[in-house]
Each structure stands twice: as C-alpha cells, then as structure tokens.
Amino acid sequence: MTEIRYEGIANKNCPNLERYLVSSKRAVPAMLIFPGGSYEMRAEHEGEPVAKWLNSIGIAAFIVNYRVAPYRHPVPLEDAKWAIRMVRHRAEEWGIDPNRVGAVGFSAGGHLASTLATHIEDGQPDASDPMHQYSTRPDVLVLAYPVITMRAQTHSGSRQNLLGEAPSKQQILELSSELHVSNHTPPTFLWHTENDASVPVDNSFIFAAALQRHQVPHSIHTFERGEHGLGLAQWNQEARIWPKLCENWLKVRNFI
C-alpha cells in the first residue's frame, strides 16, 4: 500500500520528503530518490513513477525535494544528508530497516546521489542532535545517466547552476565524484545510453573505472540509443529493461 506524506515544508525554500511507504510485517528496505533537472528544477517523471516502481518490488521510497537554483553548493548536498539521516532516524516509525537505505539519482540528481555517496559523514553516537547519530552513507547507489564530473565531460548547465559561472578549480575538483571514490563508497548500479547528447556516457564510465580501482562492487549497463532523461524508459525498446536489471542486482546484493 502506498502512502504519500510530506516531511518538512513543501516549498522551494525548504527540503522535504514525499513518502511512499510499503505495508509489511517486517522492516523493509528504502530508497531515496533524487530526480534530475540540471540543479534548476526537479523532473516529475523521475519522481513518483520511480517511487511506485520501487514500491512494487517491496522497497519504501522517499522523493527528496532538494533545493535547486538559485541555491548553490553546498545546499543540495546538505539537503541530501538531512534526508538520509531523517529516514534512518524515523526508520522504526516508518517500518524501514535503517541498514538498508539506498539512493537512486537521475542526471543531476545522480550527481547529487554520487556526491552523497563519496562525501560521507559518519554517525556520531554521542551527538546531542539525534539526527547526527546516523551516517550519511547510502547502503547501495543506483545512478541513471548521471552527471558525475564537473570537469571536461560535465553537463555545463548543472555545473553553472550548482557552482556559478566561474567556479574555482578547488570547487570543480571537490564536486567531481570520480575523484572521491574510496573503498567505503557503496555498491553501485549504473546505466546510460551511448548517444546521450546532454550528459556524455563517459560520466558513467569514469565513475565505474574509479569503483573498479577501489574494488567497489558495481554493475554498469549501456544501451546503444536513447535520449537523455528517459526515467523508467518504458518507451525505449532497449533501455526499458533497466528496472528489471536493477531489481536483480539489488537481490544479489541482499538489499531486497
């Protein structure tokens, strides 16, 4: 059964969660959903349809309405950290296993999810704020045609909205996720289309290469044709298989 509720104030000036819970006698896994939109907006087709698909395979879903332009880094990342801590903090209330909380991101939302997964803050058991007792590390990571780098192969609109027109070299390096992969980065599923004209497929390749160097379990799938922003890709004869491939991978990871 799907339940939709807001956690936080549902306006552009405050991050909030849309909850899609699953009725179960046992604690279920959960996924945070980060829709794309060039850090300028959040694409609806990468939100609710994805949540309903996750519910159908037994995963509770939370659409993260993170702040976008005119907000810049580090605001979206702080929103993402708030979201994963909130889900773990209220896991018992929402029927969720706090040790099975993943993140799925699309396009610029994939950049945010990968940033969350490579700029991890460990939980502090003695923190006075109970939210900060929880880690910000996703247990698994799913990236759909993600923006990964802020360097040459980036999506210029996402970089400008996140870092401004003239970001410093330090900012560019800090927000290039491929440079921050470690053996603590969560297992990752990636997919991309080879002829993506907005976000080059090289973004997925360089992240997968970094995962390989650090021996992080991962699965990468590329499809020959398909425009950027396919979402669940129901109308793409080749790429529409990705949700099933992802489901199978999550089962192998014992996430579901």
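This is a short tour of the structure above, stop by stop, with something to select at each one.

Before you start, know that this is a predicted model, in which local features need pLDDT of at least 70, side-chain atom pairs count only at pLDDT 80 or more, and totals for chains, interfaces and linings use all residues. Residues are numbered from 1 along each chain as its sequence is written, and side-chain values use heavy atoms, with hydrogens and water left out.

**Stop 1: helix 4**

Select residues 108-118, which form helix 4. Helices here are DSSP runs of H or I with at least four residues, strands are runs of E with at least two, and both are numbered from the N terminus. How many residues of helix 4 are buried? The count is 11 of the 11, so helix 4 is largely enclosed by the rest of the structure. (Buried means under 20% relative accessible area, exposed means over 50%, and partly exposed is in between, with a 1.4 Å probe and protein chains only.)

Now show what lies over helix 4: the cover for its buried residues includes strand 3 (28-34), helix 2, strand 5 (96-106), strand 6 (141-144), helix 5 and helix 7 (202-213).

Zoom in on His 111, which sits in helix 4. His 111 counts as buried because its relative accessibility is 0%. Leaving out residues up to four places away in sequence, His 111 touches Tyr 39, Val 147, Ile 148, Met 150, Leu 162, Leu 175 and Ser 177. (A contact means heavy atoms within 4.5 Å.)

Next, step back to Ser 107, in the loop between strand 5 and helix 4. Ser 107 is not a glycine, yet its phi is positive, at about 55°. Because its relative accessibility is 7%, Ser 107 counts as buried.

**Stop 2**

The axes are lines fitted to C-alpha atoms, for helices over the stretch in contact, and angles run from 0 to 180 degrees between N-to-C directions.)

Which residues make the contact? From helix 2, pick Pro 76, Leu 77, Ala 80, Lys 81 and Ile 84; from helix 4, pick Leu 112, Thr 115 and Leu 116.

**Stop 3**

Go to the loop between strand 4 (60-65) and helix 2, where you will find Pro 70. A cis peptide bond links Ala 69 to Pro 70, with omega about 15°. Pro 74 is in the loop between strand 4 and helix 2 as well, and a cis peptide bond with omega about 15° joins His 73 to Pro 74. For background, most peptide bonds are trans.

**Stop 3: the nonpolar cores**

Select Leu 32, Phe 34, Ala 60, Phe 62, Val 87, Ile 96 and Phe 207: these have the most contacts inside the largest nonpolar core, which has 47 residues. (Such a core is a set of buried Ala, Val, Leu, Ile, Met, Phe, Trp, Tyr and Cys residues joined through side-chain atoms within 4.5 Å.) Helix 2 gives the most to this core, with six residues. A second, separate core has 29 residues, including Met 31, Trp 53, Ala 61 and Ile 63.

Stay with Phe 62 for a moment: not counting residues up to four places away in sequence, its contacts include Leu 17, Arg 19, Met 31, Val 87 and Trp 94.

**Stop 4: helix 5 and the glycine after it**

Select residues 156-163 for helix 5, where Ser 158, Asn 161, Leu 162 and Leu 163 are buried. Their cover includes helix 2, helix 4 and helix 6 (169-174).

Just after helix 5 comes Gly 164, with a positive phi of about 90°. Gly 164 lies in the loop between helix 5 and helix 6, and it is buried because its relative accessible area is 4%.

**Stop 6**

Finish with Arg 225, in the loop between strand 8 (218-223) and helix 8 (242-252). Is Arg 225 buried or exposed? Its relative accessibility is 56%, so Arg 225 counts as exposed. Ala 233 is in the loop between strand 8 and helix 8 too, but Ala 233 is buried, with a relative accessible area of 3%.
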